[in-house]
Amino acid sequence: MNVRNCRSCGSIFNYVAGQVICPVCREKLEKKFHEVKEYIRENKGAGIQEVSEACDVEVSQIRQWLREDRLELATDSALYLNCESCGQPIRSGKFCEKCKANMTKELQSVIRTNKPAEPKTVKDQKDNAKMRFLK
């Protein structure tokens with residue numbers, strides 16, 4: 001059992017995975033996310049600071065949602081995030097499409113080269129026996 005203190009309210013809870021916040025605070029944060037999402041829908045072109053003040057959410061939390069691909073900056077936004085690999089401007093997430101594609105190719109090539117050989121079974125071909133042994 002992995003017991004931790006919630007980083008938001010300090011209460012003790014059974015930690016499973018993800019952010020170190022209790023289920024109650026996680027639910028509150030999820031409600032805030034939906035509030036922010038709705039505010040953005042109703043106020044197209046609103047900046048991060050404006051959304052933060054209107055919804056009473058920290059700017060850092062909004063940036064985290066952008067990095068998690070839960071929110072996306074508008075195409076005409078003056079603000080942008082930087083790709084963590086090459087530094088190119090992106091609207092959400094951590095990496096640009098080019099860097100994502102490169103990482104995918106690299107991972108696929110590693111998987112192909114490190115794939116273990118399938119074990120071969122040797123069949124007794126003298127007779128069509130029902131029982132076989134691996135040699």
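1. The start of the chain. Met 1 sits in the segment before strand E1 (3–5). Helices (H or I, at least four residues) and strands (E, at least two) are DSSP runs, numbered from the N terminus. Before going on, keep in mind that this is a predicted model, where local features need pLDDT of at least 70 and side-chain atom pairs count only at pLDDT 80 or more, while totals for chains, interfaces and linings use all residues. Residues are numbered from 1 along each chain as its sequence is written, and side-chain values use heavy atoms, with hydrogens and water left out.

2. The overall layout. The protein has 4 helices and 4 strands, and reading along the sequence gives β-β-α-α-α-β-β-α. Of its 135 residues, 21% count as buried. Buried means under 20% relative accessible area, exposed means over 50%, and partly exposed is in between (1.4 Å probe, protein chains only).

3. A greasy spot on the outside. Met 1, Val 3 and Ile 12 make up a nonpolar patch on the surface, with about 400 Å² of accessible area together. Patches are made of residues with over 30% relative accessible area and no salt bridge; like charges are joined within 9 Å, and nonpolar side chains (Val, Leu, Ile, Met, Phe, Trp, Tyr) within 5 Å. The areas come from the Shrake-Rupley method with a 1.4 Å probe, and for residues, only the protein chains shown count as cover. Met 1 itself is exposed, because its relative accessible area is 88%.

4. The inside. The largest nonpolar core has 17 residues, and Val 36, Ile 62, Trp 65, Leu 66 and Leu 71 touch the most other members. Helix H1 (23–42), helix H2 (48–55) and helix H3 (59–67) each supply at least two residues of this core. Apart from it lies another core, of 7 residues, including Phe 13 and Cys 22. A nonpolar core here is a set of buried Ala, Val, Leu, Ile, Met, Phe, Trp, Tyr and Cys residues joined through side-chain atoms within 4.5 Å.

5. Have a look at Ser 92. You'll find Ser 92 in the loop between strand E4 (89–90) and helix H4 (97–113). Ser 92 counts as buried because its relative accessible area is 14%. Leaving aside neighbours within four places in sequence, its contacts (heavy atoms within 4.5 Å) are Leu 66, Asp 69, Leu 71, Glu 72 and Leu 81. The side chains of Ser 92 and Asp 69 are also joined by a polar contact of 2.7 Å. That term means a pair of N or O atoms within 3.5 Å; within protein, one must be able to donate a hydrogen and the other to accept it, and residues adjacent in sequence count only if both atoms are side-chain atoms.

6. Charged pairs. Side chains of opposite charge can pair when their charged atoms come close. The whole structure has 5 salt bridges, each a side-chain nitrogen of Lys or Arg within 4 Å of a carboxyl oxygen of Asp or Glu. One of them joins Arg 70 and Glu 30 (2.7 Å, N to O). This pair links distant parts of the chain, with Arg 70 in the loop between H3 and strand E3 (81–82) and Glu 30 in helix H1, 40 residues apart.

7. Glu 38 and Arg 41 meet in a salt bridge of 3.4 Å, N to O. Both lie in helix H1, 3 residues apart, about one turn of the helix.
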